[in-house]
Amino acid sequence: MGSLISGIIGRTLAYSVPLLLATLGEIYVERAGVLNLGIEGMMSLGALVAFAVAFSFSNPWFGVVAGGMAAGGAALLHALCSITLRANQVVSGLSLGMLGMGISGVLGRNFEGKVLGATLPVYRMPFLSSLPGFEKHNVFVYLSLGLAVFLWFVLFRTRWGIVIRSVGENPAACDAMGINVSTVRYTCVVFGGVLAGLAGAYLSLGYRPSWSYGMTGGIGWLSIALTIFAFWNPLWGLVGAYLFGLLYQLSFRFQAHVSPELLNTLPYVFPLIALSFVSRLAARKRIGPPASLGVPYKRE
Amino acid sequence: MKRLVVALLICAVFLWFVVSGNAEEGKLKVGFIYVGPVGDFGWSYAHDQARQIVEATYPWIETVYVEAVPEGEVEGVIDRLINQEGVDIVVTTSFGFMDGTLAAAQRYPDKIFFHCSGFKRAPNMATYMADFHQVYYLNGIIAGALTKTNKLGYVGAFPIPELKRHINAFTLGARRVNPNAQVLVRWLQTSWYDPAGAKEAAESLIAEGADVLAFTEDSPTVVQVAAEHGLPSFGHYSPMYKFAPDFVVSGQLVHWEAIYLDFFAKVYAGLYTSKNLENVDYWWLLREGAVELGADFGMPINPVFEERLKSTIVNDPVYGEISVYDLVFALLKAMADPEYAFSPFTGPIRDRKGNLRVPEGVRLTMDELITMEWAAEGIVGAWPGEPE
Amino acid sequence: MREPIVRIARRLEPSPEMVFLVSVGSVIFAFLVSGFLFSFLGIFPTEAYRVFLNGAFGSFYALSETIKRMIPLALIGAGLSVSFQASVWNIGAEGQMLIGAIVGAWVALFSHLPSPLLLPAMFILGFLGGAFWGVFAAWCRNKLAINEIITTLMLNYVAANLVLYLILGPWKGKTVRGFAYTDPFPKEAWLATLGATRIPLATLLLAIIAVFVCYLILTKTTLGFELRVVGRGEKAARLAGINIGRVVSFVMFLSGGLAGIAGVGEVSGIHHMLRHPAHISLGYGFTGVIVAWIARANPLGVLASSFLFGALMSGGDALKVSFGIPFQVIYILNGLVLLFLIASDQLLYYRIIFRHGHQDTREEDYGGVVD
């Protein structure tokens with residue numbers, strides 16, 4: 001029983017990493033008032049570039065850096081369209097997603113089926129490894145967990161966090177106070193892209209060390225839903241990502257006893273059910289989307 | 001408004017500039033239609049490898065291919081292949097293309113159609129399939145000998161007869177040398193290509209004690225997961241030896257080109273025409289060379305495991321005292337025999353509910369094989385569509 | 001406050017010719033840029049353009065394939081343009097379409113209705129099925145305060161799993177040798193096609209009707225006025241005494257229902273069975289979002305934008321057939337077209353002004369969403 005539980009926890013942690021990273025990134029993007037629907041494409045691009053670079057240089061860390069940078073660069077395109085050009089963010093995000101999937105698919109042809117020499121290392125953490133399910137993990141597992149806490153702290157306990165949230169709520173007031181709205185938004189959008197790229201790098205260098213088109217498998221889309229599920233709070237993002245990962249795990253563990261199709265829908269239905277309980281509460285406490293989400297800002 | 005009309009006119013004139021393409025004369029032109037991308041390292045990849053071999057082998061053939069065609073769009077793609085590219089033979093490589101291919105065959109009675117894994121034929125439409133059940137049986141024998149926990153894991157994409165037949169063969173093989181062996185099954189039920197699902201399914205099998213893995217999914221994920229845990233596994237469809245050289249024991253490899261080379265040659269020779277394909281159905285197995293046992297081409301069993309399999313002696317009902325290694329090759333020879341000397345589905349075989357599915361001495365026919373729904377004794381796990 | 005070096009100012013309302021010319025120009029520009037892509041793939045760009053244009057418009061057949069692809073996009077796009085006018089972000093057309101397909105398949109396979117009633121029942125119930133899937137998301141927003149983006153997105157997955165469950169379980173066909181498909185529909189449930197083409201006549205007409213009905217609803221009815229007010233901002237709408245919940249339910253009902261019709265049209269016009277969800281929806285739901293946006297959420301414009309994307313799909317098929325290119329090239333092509341359309345939008349409405357000389361007082365600064 002103990003090994004069963006620690007096994008489930010361990011797999012949940014490993015599976016949820018890309019979902020968590022992408023969600024954390026999107027939370028920051030949306031907190032600053034920009035919606036980016038192109039996560040799947042950025043993640044795919046990050047996964048390919050990370051793999052290609054790691055493969056060519058036989059060093060996974062080069063790959064991680066390159067994957068993050070590539071996706072960050074792609075996000076820059078979205079930032080340009082949605083912040084400077086003030087284009088519709090839904091469409092700009094969708095087109096970014098298409099480009100990301102398309103470019104990674106076409107450029108990635110030569111890397112399909114290649115075997116990676118060096119993958120991301122697995123560590124035992126001194127204190128954590130005594131907990132069930134934490135025995136040993138890819139470094140990204142710890143990184144994403146710590147990042148969630150850190151990003152929560154930054155967002156709600158530091159001046160930077162106040163600036164980011166204010167830009168998403170009332171950019172005009174921020175502007176009047178001398179905050180450069182564009183800079184804050186650009187930074188957050190690119191940061192979100194980098195995290196999506198790192199999520200991709202984890203997939204292609206750690207979780208399943210290889211590249212093939214479609215390996216992101218809809219994680220980017222889910223992270224958009226999880227961002228809302230998390231009420232734009234990194235800690236709830238952590239809960240949401242792990243909850244989804246747990247349900248996904250259970251769908252395989254209990255297949256012998258419950259219909260697989262029903263189990264397959266659980267990860268998608270359960271967040272809705274959970275949300276229906278908490279969202280009314282949240283509405284009363286006035287936790288909604290950032291007021292200026294999706295609205296381009298222009299000085300009056 | 002006037003400017004709008006002018007703009008529209010300019011567009012129209014621009015479009016008139018298009019002219020139609022033309023096909024090369026003198027060669028037999030074949031168009032291949034794949035359901036997945038050619039780089040997916042599974043089904044479509046294997047068909048495309050075969051296409052390249054065909055083109056390299058026969059100087060009188062020219063091929064084109066279209067990848068990732070949605071099942072409902074196949075008719076349109078066939079139209080374009082015939083009208084735009086001028087192909088003479090259309091090869092459609094997915095069961096879901098069946099009705100569209102048949103409709104096109106009726107619309108183009110002079111063209112020849114070749115459909116994989118279906119059962120509908122026409123005077124100008126033949127069918128073909130290379131099946132793995134014999135190879136799975138041999139994989140099962142090896143797996144049954146290698147397991148220490150007596151639990152084998154199997155990740156399957158969809159619970160359809162093809163996979164059920166393969167898992168049954170795998171189980172029968174395993175229990176031939178290890179009567180206590182169980183096969184734990186996990187289904188993905190999402191897509192033929194789902195690496196994340198395959199990974200978590202494989203992990204859950206390992207967590208339940210499975211120490212040898214086999215699978216049907218279009219990526220080497222399960223092989224990689226098994227290797228991470230230091231467990232042996234079997235490749236599927238493509239040579240997966242290189243993904244885990246110390247852990248891939250064997251696997252199933254396909255040679256679609258065996259079928260293609262035969263069929264196209266007969267068309268070229270005038271033996272097969274658009275009038276006489278009504279009963280042409282290739283169901284090719286080991287003896288025809290359409291499938292191969294191996295971790296890689298030409299490597300039936302990974303040398304890493306050779307010693308272990310040679311030193312494992314079993315008491316076989318047919319061959320008596322024999323090493324597993326020799327048993328595998330003896331059966332391989334028997335199944336490659338032109339007389340079809342041995343079939344894994346020779347009775348008596350009971351399903352896991354105790355029903356006698358194959359009576360003593362009876363051998364299942366091809367029709368019974370391709371409609372198989374029951375689960376053999378020793379299979380554990382969900383089995384959608386299991387008959388009472 | 002210091003005047004920035006580069007400033008963007010809004011133009012006065014652009015003329016329709018200008019909108020048309022700039023849009024066409026940006027599509028052409030996207031194609032010129034994609035020439036690099038084709039060169040990269042070893043294809044001479046003009047050869048690729050020829051095949052593409054030929055494959056999308058070059059013959060009666062090519063045009064018919066373009067229109068066939070256009071139909072579901074027009075149905076979905078028309079509904080979504082109404083929903084976007086109300087600022088309701090329905091990105092669940094993919095799932096609503098699948099529910100329509102499921103309901104249509106149920107009627108075709110199991111209702112045993114006599115043949116004159118069969119097809120109408122498939123469409124009516126399919127509409128209601130898709131509408132139900134949409135209204136459920138509206139209900140979640142109205143009653144439970146759950147954002148419709150999350151519900152519609154999640155319900156896409158639920159619908160896809162439902163299709164899988166049906167084709168692998170209770171609806172698995174008796175005549176498909178255990179593969180995951182339903183039996184083929186009886187012939188009475190097949191849509192008649194237009195002449196020698198594969199265009200289902202009924203859905204073509206329905207798509208055109210849907211476009212005009214949506215246009216009339218938006219421009220000629222009180223409801224249309226109300227939903228545009230809601231789209232401008234909920235606060236103002238509430239002040240005006242508009243029942244926002246009712247408006248949200250209505251647009252989700254309409255857009256979901258039209259997506260449902262698209263789903264019925266696909267299964268009864270093209271597939272004649274229920275099959276793996278990915279092969280039915282083909283991303284039409286997401287492309288529909290883009291189609292509605294390019295049309296500036298104007299249902300009449302949807303006719304043009306869905307035609308454009310139908311052409312991209314069918315011309316893309318021609319490219320795949322002629323050159324055996326990776327299928328993702330089509331995504332890049334779509335992405336580029338969109339990107340340049342977005343950029344051209346700015347050309348239309350804004351002028352870049354450098355800081356020197358005087359400011360033209362006829363131009364107003366602009367601070368909101370383009371609609």
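Predicted model: local features only at pLDDT ≥ 70, side-chain atom pairs only at ≥ 80, totals over all residues.
Cys188(A) is buried at a relative accessible area of 4%, where buried means under 20% relative accessible area, exposed over 50% and partly exposed in between (1.4 Å probe, protein chains only).

Residues are numbered from 1 along each chain as its sequence is written, chains are lettered from A and ligands numbered from 1 in the order in which they are written, and side-chain values use heavy atoms, with hydrogens and water left out.

Thr265(A) sits in helix α11 (residues 260-284) of chain A; helices (H or I, at least four residues) and strands (E, at least two) are DSSP runs, numbered from the N terminus. Thr265(A) is buried, at 13% relative accessible area. Apart from neighbours within four places in sequence, Thr265(A) is in contact with Val158(C) and Asn161(C), contact being heavy atoms within 4.5 Å. Phe231(A) is in the loop between α9 (219-229) and α10 (234-253) of chain A. Its phi is near 50°, a positive value in a residue other than glycine, and Phe231(A) counts as buried at 14% relative accessibility.

In chain B, Asn150(B) likewise has a positive phi, near 65°, and is not a glycine. Asn150(B) lies in the loop between α5 (133-146) and β6 (151-156) and is partly exposed, with a relative accessible area of 24%. A cis peptide bond, with omega about 5°, joins Gly347(B) and Pro348(B). Pro348(B) is placed in the loop between α11 (324-336) and β15 (349-350) of chain B.

Chain C can be taken as a whole. It has 14 helices and 2 strands. The radius of gyration of chain C is 22 Å, close to the 21 Å that the globule rule gives for 371 residues, so chain C is as compact as a globular protein of that length. That radius is taken over C-alpha atoms, and the rule is 2.2 Å times the number of residues to the power 0.38. Of the 371 residues of chain C, 62% count as buried. Among contacts in chain C between residues at least 6 apart in sequence, 76% join residues at least 24 apart.
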